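Please work through each task before reading its solution.

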Amino acid sequence: MQDKILVIGSAGQIGTELVMRLRDMYGASNVVATDIRDAAPEVMESGPFELLDIMNQEALNDLVAREKITQIYLLAALLSATAEKNIELGWGLNMRSLSHVLDAARFGPVKKVYWPSSIAVFGPTTPRENTPQRTIMEPNTVYGISKLAGERWCEYYHDKFGVDVRSIRYPGLIGWKAAPGGGTTDYAVHIFHEAIKEGKYTSFLDEGTRLPMMYMPDAIDATVQLMEAPADQVKIRSSYNVAGFSFAPEDIGAEVRNLVPGFELNYEPDYRQAIADSWPSSIDDSDARSDWGWNHKFDLKDMSQDMFKNLKTKYQK
Ligand code: NAD
Ligand code: AKB
């Protein structure tokens, strides 16, 4: 039977790109994009789009039944910086959305669920370099606590109720198609926009703040690769570490300067610095590589060149 896919949060940074990839793979009419706000024109015009508030469990269940949904990708969440400013909404949205979707698979016709976790599950007591899959996890942000709790629920629903739920701990994601949604790693996207528009950028993270990052095409590849893997290759049902490359603001600044001569980078760290300081600098993703063949393609230089080329074209239109 042809899978019918529901994407929740499809107006966001990841959804904007993931919906288009899923429509290429499964056929446009088989991917129902939803959000609480309008999505990018290409998402809304290339296939079905509906407004859906994931806090409304009945609306979710109605849509799943009406559209005969068999797979759900849950992307709605408050990210680290925004959640830290709104604790109740961060915790409420991040936890209830997941419980509504997991129950749609436990009690309903949904066969497979994708839910992203984050490097934010780690905390200040976690080993920072080459952070292992299994290690000390004491996150000290609302977002990180919600992601760690979410991972435990995913494993629980898989082990107790047989729900085929799959997850990746994304690092900071960098893409040119959609704006980032309120994370601590967003500076690595803003820097390209400001370099092209103004020739300078003031980073809200300080010099020396080295974090794990990934270019969006690699993140989308990892996501669909994990979802397509045979179930017996998906040995971790909490969430997989995946890595691309790591850098600090001055490293990406140097790459940007190669593309925009004279580019000026300044630093004004704010409350997001403490969040970044609690996260790993680099990630060991050997389980993802050996279990389902994950391999990243882009490094810092490739990513910077591709981002610059695409954004420059976008601004010239
Ligand atoms: P985003 O903020 O860009 O998009 C989230 C989308 O969810 C938005 O379009 C928003 O309108 C929608 N949304 C909010 N409340 C909703 C509700 N009640 N019902 C339906 N939709 C709602 O986020 P993103 O960057 O696309 O991230 C998607 C997922 O990936 C999140 O779980 C996030 O934690 C995770 N993640 C992202 C990154 C990253 O760097 N982007 C890194 C690690 C993990
Ligand atoms: C954020 O900064 O909140 C996200 C993430 C790493 O989860 N980009």
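## Domains and ligand sites

The chain of this predicted model is divided into domain 1 (5-172 + 215-241) and domain 2 (175-213 + 245-283 + 298-316).

**Exercise 1.** Determine how far apart the C-alpha centres of domain 1 and domain 2 lie, and how many residues each domain gives to the contact.

*Solution.* Step 1: the C-alpha centres of the two domains are 25 Å apart. Step 2: domain 1 contributes 29 residues to the contact, and domain 2 contributes 32 residues.

**Exercise 2.** Identify the residues that surround ligand 2 and classify them as nonpolar, polar or charged.

*Solution.* Step 1: the shell around ligand 2 consists of L79, S80, S118, I119, Y143, G172, G183, T184, T185 and W279. Step 2: by class, this shell holds four nonpolar residues, six polar residues and no charged ones.

**Exercise 3.** Where does ligand 2 lie relative to domain 1 and domain 2, and why?

*Solution.* Step 1: domain 1 (5-172 + 215-241) and domain 2 (175-213 + 245-283 + 298-316) each supply residues to the shell around ligand 2.

**Exercise 4.** Describe the polar contacts of ligand 2, taking N or O pairs within 3.5 Å, and state what share of its accessible area the protein covers.

*Solution.* Step 1: an oxygen atom of ligand 2 is found 2.7 Å from a polar side-chain atom of Y143. Step 3: in T185, an N or O atom of the side chain is 2.8 Å from a nitrogen atom of the ligand. Step 4: on its own, ligand 2 has 260 Å² of accessible area, of which the protein covers 94%.

**Exercise 5.** Carry out the corresponding analysis for ligand 1: which residues are closest, which atoms of Q13, D35 and R37 lie by its oxygen atoms, and how much of its area is buried?

*Solution.* Step 1: ligand 1 is surrounded by 26 residues, the closest being Q13, D35, D53, Y143 and K147. Step 2: Q13 places a backbone N or O atom 2.8 Å from an oxygen atom of ligand 1. Step 3: the side chain of D35 has an N or O atom 2.6 Å from an oxygen atom of ligand 1. Step 4: for R37, a polar side-chain atom is 2.9 Å from an oxygen atom of ligand 1. Step 5: ligand 1 taken alone exposes 830 Å², and the protein buries 93% of that area. Step 6: the space taken by ligand 1 is the largest pocket.

Methods
Residues numbered from 1 in each chain as written. Chains lettered and ligands numbered in written order. Predicted model: local features only at pLDDT ≥ 70, side-chain atom pairs only at ≥ 80, totals over all residues. Heavy atoms only, no water. Near = heavy atom within 4 Å. Polar contact = N/O pair within 3.5 Å; in protein donor to acceptor, adjacent residues only side chain to side chain. Areas by Shrake-Rupley, 256 points an atom, 1.4 Å probe, with all protein chains shown as cover. Nonpolar A, V, L, I, M, F, W, Y, C, P; charged D, E, K, R; others polar. Domains from an automatic or database assignment. Contact = heavy atoms within 4.5 Å. 1 Å grid on protein atoms, 1.4 Å probe; cavity = no way out; pocket = protein on both sides within 12 Å on 5 of 7 lines; lining within 4 Å. Sits in = over half its atoms within 2 Å of the grid points.
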